Amino acid sequence: MIIPSNKIYVSGHNGMVGSAIVKKLHEKDFVNIITRSSSELDLTNQNSVCNFLQEEKPDYVIIAAAKVGGSQANDSYPAEFIYQNIMIEANLIHGSYLAGINNLLFLGSSCIYPKESQQPIK
């Protein structure tokens, strides 16, 4: 059972989803929320992620981090987006496993739009 004193790492805490999660955790009186900006922790760097998780040992990891840029950017640079997002996800999932963290929530991997939808989507 999750309790307010549990240590929770929220990746992507500056983004739309991650910031909403952090806000809700604060509203529910969680006091041990761990965050790192991309300048503090490069989630695409496996060694950095593993070291961070080993040192912090959170009880829960929430993966809300991703490279985002909207449908135009995703369409223009699909390989870059999927590569960076896969690296972020793989590093956090495997790093959590190696650190013995058993509670992980993975929200998704990238933008998803109907391929043939008229733009802008209404």
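This report describes the fold, the surface and a few side-chain details of one predicted protein model.

Because the model is predicted, local features are considered only at pLDDT of at least 70 and side-chain atom pairs only at pLDDT 80 or more, while totals for chains, interfaces and linings use all residues. Residues are numbered from 1 along each chain as its sequence is written, and side-chain values use heavy atoms, with hydrogens and water left out.

**Overall fold**

The protein chain contains 4 helices and 4 strands, where helices are DSSP runs of H or I with at least four residues and strands are runs of E with at least two, both numbered from the N terminus. Read from the N terminus on, these elements follow the order β-α-β-α-β-α-α-β. The C-alpha atoms fill a box of roughly 45 × 35 × 25 Å along the principal axes. Among the contacts with a separation of 6 or more, 67% join residues 24 or more positions apart; a contact here means heavy atoms within 4.5 Å.

**Surface and burial**

Of the 122 residues, 32% count as buried, a word that stands for under 20% relative accessible area, whereas exposed means over 50% and partly exposed lies in between, with a 1.4 Å probe and protein chains only. The chain exposes about 7,900 Å², of which carbon and sulfur atoms supply 53%; accessible areas come from the Shrake-Rupley method with a 1.4 Å probe.

**Aromatic rings**

The structure holds 1 aromatic pair. Its rings belong to Y9 and F52, whose centres lie 4.9 Å apart with the planes at 65 degrees, so the pair is edge-to-face. Rings of Phe, Tyr and Trp (its six-membered ring) pair if their centres lie within 6.5 Å, and planes under 30 degrees apart count as stacked, over 60 as edge-to-face and the rest as tilted. The pair links distant parts of the chain, since Y9 is in strand β1 (residues 8-11) and F52 is in helix α2 (residues 46-56), 43 residues apart.

| Residue | Relative accessible area | Class |
|---|---|---|
| Y9 | 0% | buried |
| F52 | 7% | buried |
| I93 | 38% | partly exposed |

**Residue I93**

I93 lies in helix α4 (residues 78-98). Leaving aside its neighbours within four places in sequence, I93 is in contact with I63 and L104. By contrast, I93 and N6, which are 87 residues apart in sequence, are 19 Å apart in space, C-alpha to C-alpha.
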